[in-house]
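Walk through this structure with me, starting from a set of annotated residues.

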Amino acid sequence: MPLSSQDAKLWRDVSVFDGLQTLPEPMAVLIRGGVIAGLWPESVFALQDAQGAQEVGRGGVMTPGLVDCHTHLVFAGNRAAEFELRLEGASYAEIARAGGGIISSVRAVRDASEEALLEQTLPRLQALIDDGVTSVEIKSGYGLTTADELKMLHVARRLAEQLPVHVTTTLLGAHALPPEFADDSDGYISLVCEQMIPAAAREGLADAVDVFCENIAFSPAQTERVFMAAQAHGLAIKVHAEQLSNQGASALAARYGALSADHIEFLDEAGVKAMAQAGTVATLLPGAFHTLRETQLPPIQLLRDHGVPMALASDANPGTSPICFPTLMLNLACTLFRMTPREALAGATAHAATAIGRKDLGRIAVGAPANLCVWDVQQPAELAYAVQPGRMRQRVFAGVLTHDR
């Protein structure tokens with residue numbers, strides 16, 4: 001049974017990755033009242049520092065709870081047929097132009113009730129939780145009408161009431177052009193700006209607004225209109241950028257103070273510099289890169305050289321990354337993108353938290369929320385080195401021990 005959030009809990013002799021680096025010696029960690037109340041090197045820890053606390057674990061590796069900062073978890077049906085088409089040679093763009101891709105998911109979501117969407121999404125979110133996620137961003141984008149986009153966002157909000165996880169929501173109304181606006185993309189952007197964004201803000205259903213800026217989606221000029229509307233309604237900005245071509249969307253988003261630019265395989269140095277100046281996070285999505293068999297690598301070294309923080313996310317979605325296995329992303333980031341294990345784990349914790357506008361998450365520090373995982377490994381690099389489910393020994397959310405084996 002979960003412990004009361006008021007019960008003090010103590011871990012001893014754990015190797016701690018604090019969200020950015022591995023601390024140099026084993027630590028003792030105390031949580032009380034939902035926050036990290038104490039953090040001491042084991043060599044100087046004294047039991048009176050944690051008087052009255054229940055010792056609940058020793059050894060292993062403690063990390064912040066993982067933060068999955070880019071997902072499309074709320075959807076209906078699946079797109080396995082498109083997976084086959086891609087294997088037979090069809091490109092992502094060709095499938096989209098033929099009415100597949102995002103639009104096929106749109107049809108399924110429009111036909112599904114809110115309850116049906118909730119029922120289908122819960123197992124996907126549970127899979128993330130079972131692999132260490134304590135915070136997740138969930139986008140809309142498969143409704144493409146005001147009512148259906150709000151339906152998706154409402155389901156995302158309800159998920160946080162059903163499971164022990166922190167959920168942030170992003171309105172992605174500008175994800176694709178719906179069939180009813182086939183010859184009027186500017187008209188659809190007007191709908192997004194004048195109806196969807198105000199409604200989502202008014203009902204408190206969105207924390208941020210996203211746009212898919214790409215040659216098969218929306219232009220930089222249309223993207224900027226969405227950014228302006230988001231800012232006018234006090235919503236943060238994110239962008240799907242430079243996935244298939246360089247549209248300059250990352251630099252544009254940076255000018256508007258975007259939280260993150262995501263995908264970014266075709267990002268150039270000018271875009272990297274703009275992101276560095278604005279503090280915009282680069283969110284890398286190796287699951288989509290892997291599923292689509294892409295060959296254009298994101299500019300990892302340029303991001304390093306200019307000090308742009310690199311987040312890492314599952315991009316869990318029905319078409320291009322049907323993967324709800326966040327620790328697999330650590331391995332893919334290392335093997336496909338040549339990130340180091342430390343970079344990958346920082347990307348799935350501290351930098352991912354920054355990408356959702358929550359720098360207080362994804363860290364192990366005194367005063368930070370007690371969202372933690374303890375893993376049955378000897379060093380943090382093992383989480384990226386091996387693709388192996390079931391390594392999570394304990395999971396703590398808001399101070400409550402929600403998983404213990």
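His70 touches Glu137, Lys139, His240, Asp262, His263, Thr283, Leu285, Ala313, Ser314, Asp315 and Ala316, leaving out residues up to four places away in sequence; contact means heavy atoms within 4.5 Å. This is a predicted model, in which local features need pLDDT of at least 70, side-chain atom pairs count only at pLDDT 80 or more, and totals for chains, interfaces and linings use all residues. Residues are numbered from 1 along each chain as its sequence is written, and side-chain values use heavy atoms, without hydrogens and water.

His70 lies in the loop between strand S6 (66-68) and helix H1 (80-87). Helices (H or I, at least four residues) and strands (E, at least two) are DSSP runs, numbered from the N terminus. Is His70 buried or exposed? His70 is buried, at a relative accessible area of 0%. Buried means under 20% relative accessible area, exposed over 50% and partly exposed in between (1.4 Å probe, protein chains only).

The UniProt annotation "binding site", from an unreviewed entry, covers His70, His72, His240 and Asp315. UniProt positions follow the numbering used here, feature names are shortened, and annotations may be inferred rather than shown by experiment.

His72 sits in the loop between S6 and H1. His72 counts as buried, with 2% relative accessibility. Its side chain makes a polar contact of 3.1 Å with that of His70. Another polar contact, of 3.3 Å, joins the side chains of His72 and Asp315. Such a contact is a pair of N or O atoms within 3.5 Å; within protein, one must be able to donate a hydrogen and the other to accept it, and residues adjacent in sequence count only if both atoms are side-chain atoms. Beyond four places in sequence, the contacts of His72 include Lys139, Tyr142, His175 and His240.

Now to strand S8 (residues 166-174), which holds Thr170. Thr170 is buried, at 1% relative accessible area. Which side chain does the side chain of Thr170 meet in a polar contact? The partner is Glu137, at 2.7 Å. Glu137 is also among the residues that His70 touches. Other contacts of Thr170 include Ile138, Leu153, Ala208 and Lys238.
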